[in-house]
Amino acid sequence: MSLEARLAVLVREAVRERYGVELAEVHVERPNDPTHGDFATNVALANARVFRRNPREVAGTLAESLASPIVEKAEVAGPGFMNFWLSAEALWDGVRELLEAGEGYGRRAAHGKPILLEYVSVNPTGPMTVAHGRHAAYGDSLARILEAAGRRVFREYYFNDGGNQIRLLGESVALRYAELYEESWPVSDPDALYRGEYVREIARDLRKEAGGRYLQMGREKALPEIGAFATRWCMEEIERTLNRARATFDDYFNEKSLYESGAVEDLIWDLKKAGHVYESEGALWLRSTAFGDDKDRVLVKSDGSYTYMAPDLAYHRDKYQRGFGTAVDVLGADHAGYPPRIRAGLVALGIPEDFLDVELVRLVKLMREGEQVKVSKRAGTFVTFDELMDEVGEDVARYFYVRSSHKTEMNFDLDLAIRQSDENPVFYVQYAHARIASIFGRAGASPKKAGEFPTGDLAPEERALVLELLDFPRVVENAAERREVHPVPTYLETLATRFHQFYTVHRVLVEDEVVRGRRLALCAATKVVLRAGLELLGVEAPEKM
RNA sequence: GCGCCCGUAGCUCAGCUGGAUAGAGCAGCGGACUUCUAAUCCGCAGGUCGCAGGUUCGAAUCCUGCCGGGCGUGCCA
């Protein structure tokens, strides 16, 4: 049990004993100001009405009757806060627990229904851009955080390698391919073609593999094959990039399979049967307004083809049918209109409203020399995720992405990112880890064995460090609950600060064996948490820098 | 027009879902290495938390209305 939770129990018991009142919630928090104790609670203030007494008086009474080996001192402060100072034993107990858990510290055992986390899901029409990078970094880190917090997570990538976009890619490649042989290739709409350099690259690879074969055969027959080659090429490229960025998936789900399995047809049929669709103007509409949507949506167009909504709805129903308790979709903010209608469709199918949880990732605004860079995949004016990693490295890229909430728009100043990559806060955190590794290198002791039974009073810097260390499980759980990744980097930076401060003031490798053992224990504990935290972000914890 | 999201230091962002004097990092200024890594530490300066009301012991946080920005509002995905 966390220290907060234990204190909350003590306070609740004291309240019951002295006032005969059972409080539903006791809020214990860590004050910003260390002179306000290790922990504080506002029960006396928050429940002034229940007690019908002066909050300071209540707090005083409670502080007096609070007797526990974990509390060294409890006092009243301000308008009626109770401030707690923990005993050294309680803090060392926490550190020992941490060291015993090792890499498992802050990780909860798996519980509950599995979550299907869908992220990135970019269609294979080109390389990943810096915008996609944010999705990969956020999605993968979120998966790691959820897993650490005990959620079972299945990571899925949904893609479509058929359809209009792909045909255009095929034509784009075919045109470049023909050019290599100084021949022409008729295209349906020259303005709609993809223009990036990668299109030529695909064309060259196509020539390498197939020679001029596709020019000999009929163009209509060749095009689908070229398109397939191009998509495969792009998909491999994307997977390589994801791999490099340390973002992994359990499954790549192809939209096509929904048609092949009949899932889309079944969906339409079931909705018809349930009476949630109607025909109008030759199209088939979903009565989504009956389920909270702004307007009804077309499922089958008047030309008989499906809108994107049909397979998407079938896909989400499939997620539900596979037994997942929650589906988390990580989508771009330009899909903001999407959640209400999919949710409406799901509810129409009898699936609980809260099954779908959509996290919208804000766009990445690229800046170069103070100017916004217009990004267009079609026009080929984009910066790829790979290029970014080439410039700043994988660690910096991943850390930079998740440092701010996915919900806020991000200004990505390329010049600044490259120029300042040396000063990136990720190095600040990594440096703390490397410093500790260096100490253990000199000490000739392994972090595991170091200071198995630390005891004694803690200096202010040591106390601050321990309190920060023991906060890690709470941070992880909180991040998982909120589906936010950025609390982790924020936490790691604070932890690194606490360590650097400790390191500056206290020498670890001293003669006194007790003191040395105690400080080594703190180093070992810090190392464990830094590594575990960085692991959640997919960032390396270097032994040396 | 309507619906969501955002507005915190010069810049990039935190602020634990109502607490005590609003915090970091960059950038600026000034200090600290004969001692475990100075990619560090300490100090100074920097703020009408977009504006105006409201709720209460207490508001950056919750409610309402404005102002400013973004996104959505397709038989596109």
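RNA strand B is surrounded by 69 residues of this predicted model, where a residue is near a molecule or strand if its C-beta atom, placed from the backbone, lies within 6 Å of it. The closest are Glu281, Gly337, Ser404, Ser405 and Tyr431. Local features need pLDDT of at least 70 and side-chain atom pairs pLDDT 80 or more, while totals for chains, interfaces and linings use all residues. Residues are numbered from 1 along each chain as its sequence is written, with chains lettered from A in the order in which they are written.

**Surface near RNA strand B**
- Elements giving two or more residues to this surface include helix H2 (43-46), strand S4 (81-86) and helix H18 (425-443); helices (H or I, at least four residues) and strands (E, at least two) are DSSP runs, numbered from the N terminus.
- H18 provides the largest share, nine residues.

**Helix H16**
- Eight of the ten residues of H16 (residues 394-403) are buried, so the rest of the structure largely encloses this helix; buried means 20 or more other C-beta atoms within 10 Å of the residue's own, with C-beta atoms placed from the backbone.
- Among the buried residues are Arg398, Tyr399, Phe400 and Tyr401.

**Helix H19**
- In H19 (residues 460-469), Glu462, Leu465, Val466, Glu468 and Leu469 are buried.
- Viewed down the axis of H19, these buried residues fall within an arc of 160°, so they line one face of the helix; the arc is that of the directions from the helix axis to the C-beta atoms.

**Domains**
- Chain A is assigned domain 1 (3-86), domain 2 (163-244) and domain 3 (424-537), with bounds from an automatic or database domain assignment.
- The centres of domain 2 and domain 3, taken over C-alpha atoms, are separated by 52 Å.

How values were computed:
A residue is buried if 20 or more other C-beta atoms lie within 10 Å of its own, exposed if 12 or fewer, and partly exposed in between; C-beta atoms are placed from the backbone.
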